[in-house]
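Dear colleague,

I am handing over the structure we spoke about, and below it you will find what turned up when I went through it. Please keep it open while you read.

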Amino acid sequence: MARKKWFKLLSLRKKRRWRPKKKKIWWKLILALFIIFIVFPTIIVYMWFKKNILDKLPNVANIEKVVFSQTTTITDRNGIVLYKVFNENRKYVPLNKISPNIQNALISIEDKNFWKNPWIDIQWIIRAGIHDVFFGKKQGASTLTQQIIKNLILTRDRTITRKLKEIVLAFKLNSYLSNKIKNQYKDLNDKEVKKKVKERILEMYLNYVFFWNNAYGVEAASNTYFHKSADKLSILESAILAWIPKSPVKYDPVNKRENNLWKLVIYDDQGKEIDLSTGSILKNIEKIYIDYLKDQSFWLSKDEQDIIKILTPENLKLNKLSIKYVPWRKDFVLARMYIDGYINKSELIQAVKEWFSKIIYKPKVEIKAPHFVFYVLSKLEKKYWKDIISKAWWTIKTSLDYNIQKIAEQTVKDWSNYLEKKWANNAALIYTDSKNGDILAYVGSKDYYNKKIDGQVDILTSKRQCGSTIKPLIYTKAFIENKYFTPDTFIYDTKFDIADKWNTFNNFDWKFLGILPIRKALPYSRNIPAAKMYYLWGGEKKVKWFLQKLWLNTISNKIYYGYPLSIGAVEVRPIDFAQAYMHLSNIDKAVKIDPILEIKWHDGNIIYKRQNNEVKQVIPKSVISLIWNILSNPANLPAWWVNAESVKWLKLAVKSWTTNIIDKKTWKKYPRDGWFVSYSPSKVFVVWAWNTKWEHMHSDAFGGWTAWKIWKDFVQRLQKNKLIENENMKENGTTDIYINTLNGKRSSNLTPVQVSQKTKARLDWIPQMDDGKTIKMIEIDTLCTGLVSEYTPNQDKKIAYIINAHSHEPTNKKWEEPVQQWWRTKWKEKYEKILWWPVLFEKPNKICEDRLIIAKKWKLKFNITYPENKQSLSKIFDVWVNIENAPFRISKYNIYLDWKLIQESNYNWNILPIYLPSNTSEWLHNLKIRLIDEKWYMDEKNLNIIVKNKDTDKPYLDKIVEKNWKYMYVFKDKSSRVLWWYLICNWQKTRFRWSIWIWDNKDCNYYMVIDYYGNSLSN
């Protein structure tokens, strides 16, 4: 028992010792995991943070020593200064000299919690992170303190290290300013010190920020745009200025008014927009609109979107006029200020009212090629962020050639009067180099400073309907999809009913030209062939993809365009159009338009140099060559366009067109936009002209008759100044072939020469050989266009062609029926002239019934009286025939030996002399005799003869026949024919070379007859 107790006690002890030992191992595991996953990463992160962030932080105290931005200069390619962008116009003013309105407006849109947050806004950082991760939208999360650090101390790199430095430095700046203020104002408490710090940061920001048009800081901006000091800025003026720093180029209140300010749209009772923005009517509109605002309950609004809805009423009317207020950026600022409590309802209404009479002054700035300069700046803003330009000290060398630019500007200006006569008041032009992507000339409008035509609006970057100038791109896609296409491949310009959203579709002249080669259909700008190309070789999805690959990015996948896309019923930017045509211009490579050649620091160091701006070429070289072959040949143009759209000594591809609108009063079609696109193997021209009032041009301005005048004059001026030279595109991937123009197949021995055309084809995709099924030659009886029969005389036999042509979609009735109808009603006669013979569409299936009736009555008949069948004959003999029926005079006879024609002679008598070939063998042969009358009726008889080389038979007197008191002597020879005979009758001598002689006397004294072989007969 004692042992058992001790044993139990020992067992229990062992268990108790085991448990704590197990517990120690568990905690060691936890400790190891903690060190591995917590301590080590923390140490590594701290070491990285210290090395990359803390050790590389600048001294925030230097922020007060910052020298603000210096002048950045934009030049052309030759160093001519176009614009000095950042020649500072700045006056630093303390915060108490700055209106609270601009302070509140800026805080509302840049840092809503500015007065509350320490130096960062955690709430906004989290919100921005969520948007970035889950919605893919980048949202700003920087406080004003961070923005000061970012712009004055750090670079603009979008990296995590830069963001972390920004946060740490914002904290340090806040601490630095706090300590400095505490030392300066020792009697202030912490709350007052914090306020002073915020005021100091706000003061720095307002004096730093760039407001465009060389206005740095709020004081300069206030003087520039409103001609007043910053402390007198109204709520409206503050709202206008506050949004500019977000993107100075985009929200320029002078040149980009439509992005920053507002728009008052007035419609008449028919829904047409009218211009009544001046005079007494504006006062009435102002009163109605302000009265409407006073009646609204602003206090119920929860956010700025509710305020915007109140500001944009839908049913505001003045008599028969409908009024619509379109809000812009300054309205969002006002709405935010109201929601944040900085202004009340009456102040908001007063700010809106003030706009009806607000004047924004235009800064006086020296600038050359203004639209080009602002285009370059917008690209810089995207490349180097929007506010880098406020700190830069650069020289930006662009691709523009100012000498060419002046020629372009002067050309557009010189044609102003002509444009006015055509009811067009504006024009634009871009001239690029497709070898390297240079912009050589850039005219965004006729007059940049002309407000009447919205001259500051850059047409080249504005969306406009391009019309038929898009057709070369549609045909290019067709050549890519159908590799067997050639410039002479046919396409039918016939009636085309399209099952689409639109009911009617036609050519611009409401005419049809039938079968056309592509080299005519494209330059003639036919709508129906272009639409057929669109449907045949891709449709909407493929065509959109192709056009977008050519950088026509304004074509949206969210919009259904339908077949009108093929005729240019889509809005594109002219500069993008120039980019698209650069793919057709340069056969070696495709490049992207890039006007910036290089950027240098003030010390000469190059920070950017354009290297490779090559982009993917989506057009095969062979297709580029074929399109050039079509568009650069003046012979392909309509006759009335040849002189207009060609320049002497220069080979250029050209395409023009005009977009059209319908006048609702007269329901007549008028031109609206005039386009002209041209290119050489290294240059691209795009010219545009129109009426900026959205009114139509004159009725005789169709066909690009506004734009081509400018283009041709510009090119001729370049030519005169030796700034352009003639070029011809090298052949690449094409070869010369002949094709059947009715089916596009390669010509064969079955192809009539009249429809065989020499053309260019892709070397790697030669069309199939013509099989003769489309056009076939047959022989017909012209009496009824029927089958030739044995009764058809030769003169009624005629060659004819059976044309079996079809549309590209022969199984589709909407495609096929108009084509067949066109052939039968319009083109039959034309092709009979081309082919020289009648044209049929089906093969005759029976002979002419009248031919049988005629044959019975008028059939020529004869028989052979001599020689007999299988008679032995020499190689020269006579055949005697007896005419049984001959309605018409017998004109000739044909002799066939063994079915081969050996003799063709005129018929004079019923004795036919026969001359066999000298090499005819001594054997049995077939002899066929065919008699033909003057109406080409004929009869023929066959005879077997035995040919022998020698003839020993003498001639003989066959008979003397009396007829009408005359006597006919008939001499014959069994094997050959009589050569001549000698006759004395009544002592009169006569010698003849005939076998028959007619004489008055039966009895003759003497006669002698000799055959061809010398055998003779005499009495």
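Through how many residues does a hairpin join strand 19 to strand 20? The hairpin between strand 19 and strand 20 runs through three residues, and please bear in mind throughout that this is a predicted model.

Strand 19, which spans residues 669–679, is joined to strand 20 by six bridges, and the two run antiparallel; within this pairing, Trp675 has Trp688 of strand 20 as its bridge partner. Strand 20 is also joined to strand 8 (residues 426–433), here by eight bridges and again in an antiparallel arrangement, with Ile430 partnered by Val686 in strand 20.

Strand 20 itself, residues 683–690, is mostly covered, with eight of its eight residues buried. Lys683, Phe685, Val687 and Ala689 point one way, while Val684, Val686, Trp688 and Trp690 point the other way, and all are buried. In general, side chains in a regular strand alternate between the two faces of the sheet.

Elsewhere, five strands make up an open sheet of mixed pairing, in the order 28-34-33-30-31. Its edge strands, each pairing on one side only, are strand 28 (871–873) and strand 31 (900–906), and the twist from one strand to the next averages 35 degrees. Strand 30 (residues 890–897) runs antiparallel to strand 31 and is joined to it by six bridges, with Tyr896 standing opposite Leu901 of strand 31.

Lastly, helix 21, covering residues 574–585, reaches 16 Å from its first C-alpha to its last, close to the 16 Å expected. Helix 21 is mostly covered, since 12 of its 12 residues are buried, including Asp576, Tyr581 and His583.

With best wishes

Definitions and conventions: Residues numbered from 1 in each chain as written. Predicted model: local features only at pLDDT ≥ 70, side-chain atom pairs only at ≥ 80, totals over all residues. Heavy atoms only, no water. Helix = DSSP H or I, 4+ residues; strand = E, 2+ residues; numbered from the N terminus. Expected span 1.5 Å × (residues − 1). Buried < 20%, exposed > 50% of the residue type's maximum accessible area, 1.4 Å probe, protein only. Pairing = 2+ DSSP bridges. Axes fitted to C-alpha atoms, helices over the stretch in contact; angles between N-to-C directions.
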